[in-house]
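Hi,

Here is the model I promised to pass on to you.

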Amino acid sequence: MSRKASDNVEYTLRSLSNLMGEKRRRQADGSAGSGAAAGERSLIAAESCSSLNSAASGGELERAARRQFQQDETPGFVYVVSVFSALGGFLFGYDTGVVSGALLLLKKELNLDALWQELLVSSTVGAAALSALAGGVLNGLCGRRPCILLASGLFTAGSGVLAAARDKETLLAGRVVVGLGIGVASMTVPVYIAEVAPPHLRGRLVTINTLFITGGQFFASVVDGIFSYLAKDGWRYMLGLSAVPAVIQFLGFLFLPESPRWLIQKGQTQRARRILSQMRGNQAIDEEYDSIKNNIEEEEKEVGAAGPVICRMLTYPPTRRALIVGCGLQMFQQLSGINTVMYYSATILQMSGVEDDRLAIWLAALTAFINFIFTLVGVWLVERMGRRKLTLGSLTGTAVALIILASGFLLSAQVSPRITLNPTDPSHQNSTCTKYSYCNGCMLDPDCGLCYKLNKSSVVESSCIPVDKDSTMKAAWGRCSNETVFKKEDLFWAYNFCPTPYSWTALLGLILYLVFFAPGMGPMPWTVNSEIYPLWARSTGNACSSGVNWVFNVLVSLTFLHTAEYLTYYGAFFLYAGFAALGLVFIYGCLPETKGKKLEEIESLFENRLCTCGRAGAF
Ligand SMILES: O[C@H]1[C@H](O)[C@@H](O)[C@H](O)[C@@H](O)[C@H]1O
């Protein structure tokens, strides 16, 4: 009998027996438990055989029974635990998202130069990379719960330091502390949720964590929008607000349990059984408990317990392959350019005709909102389509959207308006801006912007002028240096883009990008990583793959401006499209379907050669 058919039969039988009013099975505990469990299993097996035919024929009944079974099996407690853990995802999203708005105010109030701005952004991501890697050891030694408590403690402390900071050095320290929290949370939360969730809900519950990440990013952009009107100290609220969810998570986790799988691994079996039955409601837990326990024993025999986990992972082919798949997914997530697209979204939207510069900050919120809403679509799709199809579909759409986005920039560059006026700098400073004859060159120079008028839809009276050091919304001198005056005079200022009739193509590309990326490539790397490693390798596997995610995040964001300078914007987006295409080949060949499988069964999907793993379990 196929696995699916036997599952169906089991669902049907268990639910039917519930429907017929059979008394809830009592939880067996301790040594008496195993005898009772064996009895129960044989009862189920006998039921399975005798009812096989009727179950197989009654499709409707089967579906109803499956639904009933799943409702019975999933107590609200699992959802509560998942939501409290996913607050870690929210903080990850909030703290990485809020900084752009905070910087706009900070750079004026504390006179931050470009290096300090860069430091405040990258220090967090860099610290996250390091602590995600270190989080693996902590997770293995101390368990998931202490790590989540540690992360929320770090978030709380970091946001307190940031809100109270008096100078840029303290700000930097606060950003590093927050980054340490993000790294630990990003690798622990998906693992913890995957370990407490029942198999049929695991994908959905872990994907909720990414929904919280994008929700955090969206919330951060709204907070940025609101507090941007508060020129003095607005940044303190922006950076300090994350203490609220952090404290809630910390308090919640004082009462929430450890992962039962980790407890079994550490030999704390009584506690593990108690927590597992809490998580599974009225369902008998013996089967799951035995399978976790047997699996741990088998793994220890097979792989041996000596030597550092990473070495054992690399020398044991199934975990080596899983590690390559997990890290590859995280790498391709970042290489397809999500964070540059998000960061650059306000400009892309402005480029497409939104001319009110005050709106820029709200436009970023709109992008974050699309990312959030379409991650919700992913939560809905993950248990329907499965991880593999969802990731493949999402990455294909992402690659196409990147090509459209790049074509938008390419078309804009090709019809780039000519520069017709060359006013002289009143302060007689030498600026590179005056040397450009076309808008395209001017746009790629981060120090310059285009000041122009429109005659119908064509650009006239254009000049390339240095950008104001405090605000990219206006020029340093000349016709476009005073926002209120130049708008009255029907002048326009374009920083980072050239006004052309093809700008809408980039907007279309941006929207399509988010629509496709958010349901699959956003959440799946986290979801798949939480389930592909056997228990002994899970902390280390997730630490490595999260570390890879953060390292590529820093690399892509730090190199974007240089890549754009050397390859132009369209070149940069074509490059990301190329990475996405490579990612597609990799995922097609190597990513097996893990939907509905018990965590203990997944290891077997990596038994064959890496490039054939994609075929394993792909239903
Ligand atoms: O999965 C998340 C999510 O999609 C975010 O929007 C992105 O900023 C992160 O880098 C990524 O890891």
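By class, the shell around the ligand holds nine polar residues, two nonpolar ones and no charged ones (Ala, Val, Leu, Ile, Met, Phe, Trp, Tyr, Cys and Pro count as nonpolar, Asp, Glu, Lys and Arg as charged, and the others, Gly among them, as polar). The residues near the ligand (a heavy atom within 4 Å) include Thr210, Asn371, Phe517 and Trp526.

Before going further: this is a predicted model, where local features need pLDDT of at least 70, side-chain atom pairs count only at pLDDT 80 or more, and totals for chains, interfaces and linings use all residues. Residues are numbered from 1 along each chain as its sequence is written, and side-chain values use heavy atoms, with hydrogens and water left out.

Which residue has a backbone N or O atom 2.8 Å from an oxygen atom of the ligand? That is Gly522. A polar side-chain atom of Gln333 lies 2.9 Å from a ligand oxygen, and for a side-chain N or O atom of Gln334 the distance is 3.0 Å. On its own the ligand has 300 Å² of accessible area, and the protein covers 98% of it (Shrake-Rupley method, 1.4 Å probe).

The ligand lies between domain 1 (74–305) and domain 2 (308–416 + 500–570), because both give residues to its shell; the domain bounds come from an automatic or database domain assignment.

Elsewhere, Cys590 counts as buried because its relative accessibility is 8% (buried is under 20%, with a 1.4 Å probe and protein chains only). The C-alpha atoms of Cys590 and Gly614 are 4.2 Å apart.

Best wishes

Conventions:
A polar contact is a pair of N or O atoms within 3.5 Å; within protein, one must be able to donate a hydrogen and the other to accept it, and residues adjacent in sequence count only if both atoms are side-chain atoms. Buried means under 20% relative accessible area, exposed over 50%, partly exposed in between (1.4 Å probe, protein chains only).
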